[in-house]
Amino acid sequence: DITKTFKLKVYSSKANVVFKFEVNNDPQDPNSGNPGPQYVTITDANTWTEIEVTFTGVPPNNTGVNQFVIKPDNPDGTDGELTASEETYYIDDLRLE
């Protein structure tokens with residue numbers, strides 16, 4: 001039920017990093033549609049940060065998704081670009097409430 005809120009903890013070795021969150025379905029029904037991505041900025045480096053992600057604009061014909069996609073260091077408009085530096089990211093305590 002992607003109308004609920006995803007809660008998770010993120011640890012980043014880089015400050016002010018933007019995480020991109022998406023939900024998808026595999027195989028994808030071309031008529032199902034997916035809600036748009038959500039972006040969250042992790043401001044502090046080297047500490048655990050609890051964040052919440054709520055997807056909006058879920059199409060009424062979307063009957064379910066089976067993939068939760070997390071893309072660290074992926075601000076809006078940067079898909080396909082490689083990160084210039086090596087960083088460490090940890091994700092823990094993922095839950096749906």
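This is a predicted model: local features need pLDDT of at least 70, side-chain atom pairs count only at pLDDT 80 or more; totals for chains, interfaces and linings use all residues.
**Close-up views of an all-strand fold**

At 4% relative accessibility, Phe-55 counts as buried, since the cut-off for that label is under 20%.

View 1. Let's start zoomed out: the protein has six strands and zero helices. Follow the sequence along and the pattern reads β-β-β-β-β-β. Of the 97 residues, 28% count as buried. If you take the contacts with a separation of 6 or more, 76% of them come from residues 24 or more positions apart.

**View 2. The largest nonpolar core.** Twelve residues sit in this one, among them Leu-8, Val-17, Ile-42, Ile-51 and Phe-55. Strands S1 (5-12), S2 (17-24), S3 (38-42) and S4 (48-54) each hand over two or more residues. Which strand gives the most to this core? That would be S2, with four residues.

**View 3. Around Val-53.** Here we zoom in on one member of that core. Leaving aside residues up to four places away in sequence, Val-53 touches Lys-4, Thr-5, Phe-6, Phe-21, Gln-38 and Val-40.

**View 4. Phe-6 meets Phe-55.** A search of the whole structure turns up nine aromatic pairs, and here is one of them. The ring centres of Phe-6 and Phe-55 lie 6.0 Å apart with the planes at 85°, so the pair is edge-to-face. Phe-6 belongs to strand S1, while Phe-55 is in the loop between S4 and strand S5 (67-71), so the pair links parts of the chain 49 residues apart. Is Phe-6 buried or exposed? Phe-6 is buried, with a relative accessible area of 10%.

**View 5. Phe-55 again, now with Phe-68.** Phe-55 has another edge-to-face partner in Phe-68, at 6.4 Å centre to centre and 90° between the planes. Phe-55 lies in the loop between S4 and S5 and Phe-68 in strand S5, so this pair ties together parts 13 residues apart in sequence. Phe-68 is partly exposed, at 22% relative accessibility.

View 6. The accessible surface comes to about 5,900 Å², with 46% of it belonging to carbon and sulfur atoms. As for charge, there are 7 positive and 16 negative side chains, and the centres of the two sets are 5 Å apart.

Conventions: Residues are numbered from 1 along each chain as its sequence is written. Side-chain values use heavy atoms; hydrogens and water are left out. Buried means under 20% relative accessible area, exposed over 50%, partly exposed in between (1.4 Å probe, protein chains only). Contact means heavy atoms within 4.5 Å. Accessible areas come from the Shrake-Rupley method with a 1.4 Å probe; for residues, only the protein chains shown count as cover. Lys and Arg count as positive and Asp and Glu as negative; His and the chain ends are not counted. The place of a charge is taken as NZ of Lys, CZ of Arg, CG of Asp or CD of Glu. A nonpolar core is a set of buried Ala, Val, Leu, Ile, Met, Phe, Trp, Tyr and Cys residues joined through side-chain atoms within 4.5 Å. Rings of Phe, Tyr and Trp (its six-membered ring) pair if their centres lie within 6.5 Å; planes under 30 degrees apart count as stacked, over 60 as edge-to-face and the rest as tilted.
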